[in-house]
Amino acid sequence: MPRVAHLGHQCPRVLRVGLATLGDKHLECEDVEHAVARGINYLNWCGYDDGLAQAVRRNRFDREQVVIALQLSGRTRSAASREIADALNTLCTTRIDVVTFYYVEETSEWEEITGRGGALEAVEEVRKRGQVRIAGLTTHQRALGAKWADSGKLDLLMIRYNAAHRGAEQDVFPITDRRGIPVVAFTAQRWGALRKHTPEDPSGFMPPPASAWYRFALANPSVSVVLMAPGNRRELEEDLTLLEDWRPPHPEELEILIAHGQRVRKHAGLFP
């Protein structure tokens, strides 16, 4: 199981497990610094002035060895330009390595982003100035995400993928593999549901820990980076145990993970 991934576009190679902040977590600047010291160098930032932003702003690590990814909400050129400028100012940095159009779920949104006066124009403009390296997109919609990845307008795709939600294996990865587009996977634990019991668990079954679910996603060669989103330092330390046992699941483990994923898909609520 490869430990690092190459995103291209002059980005440093990255450890295949990244750190994400969501705006409602409690990671401090020191926690982010600790994660980077352990080797985490793909940081997915939600745009809030949180511990991740503070760590970047305070120069707590070698900026040239860390990839900063921004989730971009603006759909128009003007909105995206303001958002990128605000992000650069908040982080006190001259460059954001990856910008992904955030949660694009409808064709109309894609058409607005890529049309005249759309957010893609703003990203291309700042890319020419060296302020952005990679243009990507985040979505839950597998078929649409694959179609957009195949358009030639994206350098990266961020998609949901976990043991309970494996549709990307058929719908997305063949396209991104053919295109050579890096994939960043989120919700590897299915918002914690994969670590919980279901009514159909075998007797004596204990749901595997966080590291096992990250390992499941990382074992897929079509996935470049898997994001962890710990809520605090304790959860961060638990997630980082993965680094001490970096390997794909054993065949027996994989069977257990897939079987529990199927039970979770059945019992943890409806989702496509």
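Residues are numbered from 1 along each chain as its sequence is written, and side-chain values use heavy atoms, with hydrogens and water left out. Because the model is predicted, local features need pLDDT of at least 70 and side-chain atom pairs count only at pLDDT 80 or more, while totals for chains, interfaces and linings use all residues.

User: How far apart are the end C-alpha atoms of helix α3?

Analyst: Helices are DSSP runs of H or I with at least four residues, strands are runs of E with at least two, and both are numbered from the N terminus. The expected span of a helix is 1.5 Å times one less than its number of residues. For the 15 residues of α3 (residues 77-91) this gives 21 Å, and the computed distance between the end C-alpha atoms agrees, at 21 Å.

User: Which residues of α3 are buried, and within what arc do they fall?

Analyst: Buried means under 20% relative accessible area, exposed means over 50%, and partly exposed lies in between, with a 1.4 Å probe and protein chains only. In α3 the buried residues are A80, I84, A87, L88 and L91. Seen down the helix axis, and taking directions from that axis to the C-beta atoms, the buried residues line one face of α3, because they fall within an arc of 95 degrees.

User: Which elements pack against the buried residues of α3, and which exposed residues does the face turned away carry?

Analyst: Contact is taken as heavy atoms within 4.5 Å. The buried residues of α3 pack against β4 (42-45), α2 (51-57), β5 (67-72), β6 and α5 (119-128). The face turned away from this buried side carries the exposed residues R82, D86 and N89.

User: Is D97, which forms a salt bridge with R95, buried or exposed?

Analyst: The closest N and O atoms of D97 and R95 are 2.7 Å apart. R95 counts as buried, at 9% relative accessibility. D97 is buried as well, with a relative accessible area of 0%.

User: How far away from E105 is the nearest side chain of opposite charge?

Analyst: E105 is found in the loop between β6 (96-101) and α4 (107-114), and its side chain reaches the backbone nitrogen of H140 at 3.1 Å. Not counting residues up to four places away in sequence, E105 touches T138, T139, H140, Q141 and L144. With Lys and Arg counted as positive, Asp and Glu as negative, and His and the chain ends not counted, E105 is buried yet has no salt bridge, and the nearest side chain of opposite charge, R160, is away by 6.9 Å.

User: Which residues does I258 touch, not counting residues up to four places away in sequence?

Analyst: I258 lies in helix α11 (residues 251-267), and I258 is one of the buried residues there, which also include L257 and V264. The buried residues of α11 pack against α9 (210-218). With sequence neighbours up to four places away set aside, I258 touches R166 and F216.

Key. A salt bridge is a side-chain nitrogen of Lys or Arg within 4 Å of a carboxyl oxygen of Asp or Glu. A polar contact is a pair of N or O atoms within 3.5 Å; within protein, one must be able to donate a hydrogen and the other to accept it, and residues adjacent in sequence count only if both atoms are side-chain atoms.
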